[in-house]
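Have the view open and follow along with me.

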Amino acid sequence: MNLKVTGKIILLCISLVLITSIILGGFGLYKNRQTLTESTIKKKENQIKLISAYIHSKLDELKNDVQFLSYTPPISGLIRARNGGGYDKAQKSTTKQWKDRLATIFLELMHAKKHYVQVRLIGLEDNGKELVRAERVGTRIRRSLEDELQGKKSESYYKKALSLDRNQIFLSKFSANKEFGKITLPIQMVLRAATPIYETRKKPFGFIIININYNQIFSSLKYLTSGDSDYFVADSDGNILLHSNPKFNIGRDLSTIKKINDYMPELSAIFEEDKNIITKEIHKNTDKVVVSKKLRYDPVNPSKYLSIFLITDKSKIIKKVNEGTRQDLLIISLLIIFSVILSSYFSKFITGPIKKLTTFAENIGKGDGTVNIDPGIKSQDEIGALAQKLTQMSSEIDRKNLALLNQKDALDHSAIVAETDSKGRITYVNDKLLEVSKYSREELLGQDHRILNSGHHPKEFFVDLWKTISKGEPWQNEVCNRAKDDSIYWVDTTIFPVRDGKKISKYVAIRFDITDRKIAEDKLIEAKESAQRATRSKSEFLANMSHEIRTPMNGIIGFTTLLLDQNLTKEQEDNVNIIRNCGEHLLVLINDFLDFAKIESGKLQIENHPFDIEQAFDSLTYIVDHLASQKGVNVDISVSPNIPRNIVSDPTRLRQILINLVSNAVKFTSEGNVWIKVDAVPKEGKTYEYHFSVKDTGIGISQENITKLFTVFAQADASTTRKYGGTGLGLSICKKLVELMGGKIWVESEVGVGSTFHFTIVAETVEAKDVKQYKDKKENVDTNLGNNKPLKILIAEDNKINQKLSLGLLSKLNYQADVVENGKIALDVTLKSNYDVILMDVQMPEMDGLESTRQICRKMPGDKRPVIIGLTANAMSGDREKCLLAGMSDYVPKPIRLKSLADALEKAYDTLVESNRVPGESKPDDNAKQAS
């Protein structure tokens, strides 16, 4: 027999009435009591299941919301803006604009969810400061001001949220809400849900966190328990969070937190049991029925749970049974007569609301916008309470759907959005994609995204894409696509997978058109390459000029060095010194240009070693004395006697600064004096700050022209170049050198009175013995080196003067050498003869020294190859590296210094010996003579 619910209810009522009339008496009373107790327990078990399901639904909703917020466009926009110095080039938006958009989303979410207390984005920087926060204050929802945002690095949930992997969610224990380290009043007990946000797979940016008011979650308990039971909720530590009796709830100062053992010790054993639903009768001090259920709300941490207790007093059940029994005999007959009528009426009363709730639930399941309808159930029983909760839930769903529709509209207006199924077939496109791709919606739906492939990216690019998203991880990159009309457009793309349970059901792609930005970048790259070509041209010009000038300077300075070693009269020696000093001064001008080039390229370097500070004045007086004596200007040098004289710094650069400043002082002083003073003040340990000043009684500088002095090619007055000479580079080079030596430079001047140039350097002091050891090592030249370390040497040099100079310098070291005039001859001779060392000029006709070196390295085995030492008049940064890269073992710049040449030859000899090669005899080679 297949009866409907109404028929079943009628039949059940008639049966109960008949059975009740038969089993009246003692057994009937006991049975009724037992039946009522069991039905009450069953009812409470059903109630506690309903409560558990309701709480689970709210927590699942909370987890979905926090994960949804972590993937909204403002999050990635804030990351790009931070990495762009506060500006998101992809969307042309500032950090503030992205924060405003995120705050709007937060506020809309809180309007939809009345139980949300706070929604926040917390970053890693600035002590874990909140970046955006929306909060509920009473009945008002607001966005927190900038000065209200707090650092949360000390909070326990900060580290826990950032320790999670992408897409994992942290759920806290229930605790009192705090602001600025103090508990808020009135007290709000909250649960926090957080999920991390990553810039890259391994680099975290921060996390999204939502605070939910648990009083709101559990507010339905009094409805769901029918009001005939005490109830309370406890956390995993046994603290009572919410009780039907207000006196057991948490006080304003948290001093009245009750534990289960304090409230009812008999419940402690039930609390400790680890079962789904526990039902027990307690008879020790009370006669109660307890139904308890553990609610584990955090799958990541099973130790977090809530315990829900419903407690019913059995005396109330017995009282009801006794009251009904006394009246049973009087109303049995009436019950029998009216049982059919009453059962029919009550069946309609029960099944009617159930049918309405069924229809109502079906409407909710459809999700067609019609769910926000009152089911018309006004009863105050469990069905009425359930109907009320379903109505509230439908309203929340409507508000949430409306918020999502608004967000979707905003996204569609600013972004290109598409969805595909799990196999990559397009299932949805917005109008923005149709506008950019030039395809119609019908042409794209059902197609694979390869329809937009431009062929720009390699196959591995898309392999990485699918590998990432198939693992359930978001993928972000810039993609070049092709439109229907074959035009190319670029999009900044983020693709994230959507799961249905454990399986990926679809992929959502959000793109932003960055074609204009890419075009601008291409133009910038082209402009940069053009500037680099111009810089290379300038560097090549300076290198060529350096070579052309240094080549004759090599002869002038080198031969005057050789000439000074001969027996000259006093007048001849003075004339040679004048020639040498003029050459050295010209070399200073050349070095100014080269130093300027090094400054521009950022490759000017300081070489620190021990020296006596008065060494910086040795060549200074030698250079300026002649000019000063011609003009009748006195030069006075004063070094404070109390300062440490032996320091570690760059004496060459220090001398360069002093020569420049003193030469200027003498040059711009017609009569009077130039004073040079040095003092120092101690800093930390052995470090001192040395203060140099150069004062003159010259023409002076106006205040408006002082600011021009230390800029490139600038002088106080352009006419001074014509009257006094100079490149305009000296002071700008001095400024850079002083800064590299840890100091600063400045000037005090008055027109017609004179000028004082000041500069400081920071240096560490050393002992005098350290200076002597370094000086002896640097200046000692072994003039008998050719006998002590014999070498067979070939000179490859096209300039006749430099050939003669090289032979002369080698002769001073007791060496002989063969000479060839270009790299091609050097290659031929080397392959036929057994040379130990080749002094190879870099720039030569027919075949330069670099190419000749490469050919020798290719054609000769390493154990027979000579040591090749580069000789070049180029002094630009990188010339030494070019020589070594070509295969040379060392590098000696022109003008060639005797000490530099001796050191290079000594090193070459040691290299040959270390490689078990015996250097040959240094006798002229016939092949070399014939070739030259």
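In which sense do strands E12 and E16 pair, and over how many bridges? I looked it up: E12 and E16 (residues 306-313) pair in the antiparallel sense over six bridges. Strands here are DSSP runs of E with at least two residues, helices are runs of H or I with at least four, and both are numbered from the N terminus. Two strands pair if DSSP finds at least two bridges between them.

Before going on, I noted that this is a predicted model, where local features need pLDDT of at least 70, side-chain atom pairs count only at pLDDT 80 or more, and totals for chains, interfaces and linings use all residues. Residues are numbered from 1 along each chain as its sequence is written, and side-chain values use heavy atoms, with hydrogens and water left out.

**Entry: around E12**

I followed Val233 across to E16 and found Ile308 as its bridge partner. On E13 (residues 240-243), I found three bridges to E12, again antiparallel. There, Phe232 has His243 as its bridge partner. E12 and E13 make a hairpin with four residues between them, and Gly238 in the turn has a positive phi of about 85°. I also checked cover: five of the six residues of E12 (residues 230-235) are buried, meaning under 20% relative accessible area with a 1.4 Å probe, protein chains only.

**Entry: helix H3**

H3 (residues 73-83) is mostly covered, with eight of its eleven residues buried. Among them I noted Ile75, Leu78, Ile79 and also Arg80. Just after H3, I found Gly85 with a positive phi of about 75°.

**Entry: aromatic rings**

I counted eight aromatic pairs in the structure. Rings of Phe, Tyr and Trp (its six-membered ring) pair if their centres lie within 6.5 Å; planes under 30 degrees apart are stacked, over 60 edge-to-face, the rest tilted. Tyr158 and Phe207 have ring centres 5.8 Å apart and planes at 70°, so I logged the pair as edge-to-face. Tyr158 lies in helix H6 (residues 156-162) and Phe207 in strand E11 (residues 204-213), so the pair ties together parts 49 residues apart in sequence.

**Entry: charges over rings**

I looked for NZ of Lys or CZ of Arg within 6 Å of a ring centre and within 35 degrees of the ring normal. The charged end of Lys695 sits over the ring of Trp675, 5.6 Å from its centre. Lys792 does likewise with Tyr835, at 5.3 Å from the ring centre.

Technical notes
Buried means under 20% relative accessible area, exposed over 50%, partly exposed in between (1.4 Å probe, protein chains only).
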